[in-house]
Amino acid sequence: MNAPARARRPAHPVAWWGWALLLATAASRTANPWLLLLIIAVSGLVVSWCRGDEPWSGAYRVFLAIGASAIAIRMTFYIVFGGAEGTTVLFALPSIRLPDWAAGFRLGGAVSAEGALAASYDGLPLATLLVCVGAANALASPRRLLRSVPAALYEVSVAVVVALSVAPQLVSGVARIRKARALRGNTKRNPANLMRTVVVPVLHDALDRSLALAAAMASRGYGRAAGAAASTRRTTSALLLMGLLGLCAGAYALLGPATPAPVAWGLLALGAAAAVLGIAFASKRVPHTRYRTDAFGARDWAVLLSGSAAAMGSIVSAAAEPGSIWPATNPLTMPPLPLAAAFGVLIAAAPAILVPNTPTKAGPA
Amino acid sequence: MIHFDRVTFAYDERPVLRDVTIDIPEGEFCLLVGSTGAGKSTLLRSINGLVPHFTGGTMTGEITVAGRRVRTSSPADLADAVGYVSQDPLAGFVTDDVELELAYTAEQLGLPQATMRKRVTEIVDLLGLADVRGRTLAALSSGQRQRVAIGAALVAGPSALVLDEPTSALDPGAADEVLSALHRLVHDLGVTVLLAEHRLERVVQYADSALLLRDGTVTAGGPGAVLADSPVAPPVVHLGKLAHWPGPPVTIREARRHAAPLRERLAGERPPQRAPVAAGSPLLETGAVAVDYSRVRAVDGVDLAALRGERIALMGRNGSGKSSLLWALQGTGRRSAGTVRIDGVDPSSLRPGRRRTVAGLVPSEPADLLYAETVRAECEGADRDGDAPSGTCAKILADLVEDVDAGAHPRDLSEGQRLALALAVTLTAAPPLLLLDEPTRGLDYPGKASLATRLRGLADAGHCVIVSTHDVEFVAEFASRVVILSDGRVVADGPACRIVSASPMFAPQVEKILPGWLTVAEVAAALGADDDR
């Protein structure tokens, strides 16, 4: 009874994150609305076919809303402050004359179709990126992801796991205390009363519970033999810190136009190497073992590959048909569909067939 | 195996253990006995170093487990020598999955994967968890959860297992599951078990020896000898002392062997009637009450009528719908269908302030009702909430329990005092219907006896008292009528003596020895009357 359940295990969380980030890469390399909408559609399809019914599975809808608001904010900014201008005026707002030093800005004034289109072309990639991250959140189990982190980060991952299980307990604690409040006939809603009769008891409860959990974890060996030699600990922290600094500097250099590309990539690579070294170094010295190593199987590779098809497609299109990847907004035209990129994104829908949703294990209620 | 050498422990200036010297040999099932607040948890937690590592305090003397000194190790270092199981398994779970939870300690010890798998499989078979191995912890019953907690403590292969009230929150069936699993561990693995429990009637038959903790000092011996002069003892021991049986016997089997002469003496006597004399129209009437949650129907069509003066015990397994029914009767909880009438009024149609003057409920966590910083402030708040004359609540509290320090924080009170305070707060509104959800958890025998007396007094004063409980001995002391729920339906309803004697699961110890009699007090009264004649 166990074997089939394990065979139909959902894909590895790292595979889902890789897939989503590759899809996001494709989205960040284009402003073509057809392509971006296709990416959103594909991510929605995969999420609705592959997600389980865990608490985090609803994340996708939240990210959709955040994405929509990103476009709305971009559009509001354009309407109020202006931006790219065009000849097809849709409507005009009353405008305020700004002093000369604020040239280039306007407040109110004519709103053109070209400008609105450019604004939405600006907003859509960001929204798509957010939706891709939402897809990863909905698909990848955070608990399984934490189990895959290197042993060196074990303490951090335990803290996150505990936090994950405390949140639902807090919610049920609030419900319990509120019902007890009604038993006292206390339904006043002023903040001081709520503080005293709901917040304080709930926090008291949470504190008691975390002390009990800490004692239980200690008596089960958590934090045992943490006393690795102090010099080793210092070396590891130094490597990790240098690695993180290197990564930040590299990323900054890469995004800023002033630094030559080879220097930027070099910094990034150095930083990554230091971080990896630090983690590997520390992991060797951690005395814990894992009960189940989460194997990265053929299906997980397939998920990752399907995601990279989307990224590859956008690279091919960028070389072969650059006009369709970055469509012009002035004059107004219907943007063409970049074929290679669209084909790649369609391949990225493959996980919907490869790893469809399996009901999460549950017993009788 | 577990050895205490002149151990003294004190929080600040308050001594808990005084010069304790004990020695528990390998493979022994040892029971730790004592009143509430005697320091049982402190003693148990000092064995793996949680006391004083997690609590502070001053300790002198030496504790060794399996030859390892506790003083020089942290609780984590001792994880492979001592397994520790607490009363509430949910509070100690780190993961959300049975297998991973079982493997947790082994992961911490850094055992290789193959060894870990083998150990987990052994534990699963030993504790009968094979059916639930792949489930999430949330989907388990309370008895299964407690067995998972025991298994999780055993995976590292400790030579001693320490359990602090492992069956207190369990129904009789689940408690039996857990205790027979422990019994098997002692016999098959040779684990040394030290266990503290309030409900001695459940565990004493498994014990090889007992320790009595009183005023910080420990007396050791055989279970019979130790319980004979303990302030807390199961009814069978009291009956044995009353009838001067040698031992006294601690198990039903032993006691039955001595019981024949006593049965003959009682042959002509009848226990007093428990049903209240007051009749009239029912105070509480329900029709087909149902409570639905998202996927389950917790209460399924309950029809109940109750008179003033009745003392009703609501029994049934964990999850049979007792709490949901009580909350629905009070009107604050959810009710999906059916009718509830208290004195002709539907409580859920009233505002909360008015509702509590009709039906009062003491929840299973009495502390949820309390939020002032001192007992005095709590009582004054209750008077204000209930528009009662100043001093009402304080007076009720004084009637219920003596010498509560009015300046103490409600959370610092003993379990019994805290329950009494929550009860007094509830009674300030003078509700005719009084509901209590699992009030006996954490109370020792004297505590339960005094609760039963108080509740009987309230019923005699015209309240209708309904108590949900697993505790068969408390039911024997308290109830005039027993209602048994199963899967949200009433499966039995009638006079206490008839219902509890019909099922071995719900029968109190005295009934098992002397059919027809429920409590030692009844037997003593009958014998006294007999002697007078």
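Predicted model: local features only at pLDDT ≥ 70, side-chain atom pairs only at ≥ 80, totals over all residues.
Contact between them involves 18 residues of domain 1 of chain B and 17 residues of domain 2 of chain B.

The area buried between domain 1 of chain B and domain 2 of chain B is about 1500 Å², with 50% of it on carbon and sulfur atoms. On the side of domain 1 of chain B, Asp171(B), Arg199(B) and Glu201(B) contribute 37% of the area buried against domain 2 of chain B, which is more than any other three residues supply.

| Interaction between domain 1 and domain 2 of chain B | Count |
|---|---|
| Salt bridge | 1 salt bridge |
| Polar contact, both residues at pLDDT 80 or more | 6 residue pairs |

Arg199(B) and Asp471(B) form a salt bridge in which the closest N and O atoms are 3.3 Å apart. Arg199(B) is also one of the three residues named above for their share of the buried area of domain 1 of chain B.

By class, the side of domain 1 of chain B that touches domain 2 of chain B comprises 6 nonpolar, 7 polar and 5 charged residues. Two helices of chain B, α7 (172-189) and α8 (200-203), each provide at least two residues of this side of domain 1 of chain B.

Note on methods
Residues numbered from 1 in each chain as written. Chains lettered and ligands numbered in written order. Heavy atoms only, no water. Contact = heavy atoms within 4.5 Å. Buried area = accessible area lost by both parts, 1.4 Å probe. Salt bridge = Lys/Arg side-chain N within 4 Å of Asp/Glu carboxyl O. Polar contact = N/O pair within 3.5 Å; in protein donor to acceptor, adjacent residues only side chain to side chain. Helix = DSSP H or I, 4+ residues; strand = E, 2+ residues; numbered from the N terminus. Nonpolar A, V, L, I, M, F, W, Y, C, P; charged D, E, K, R; others polar.
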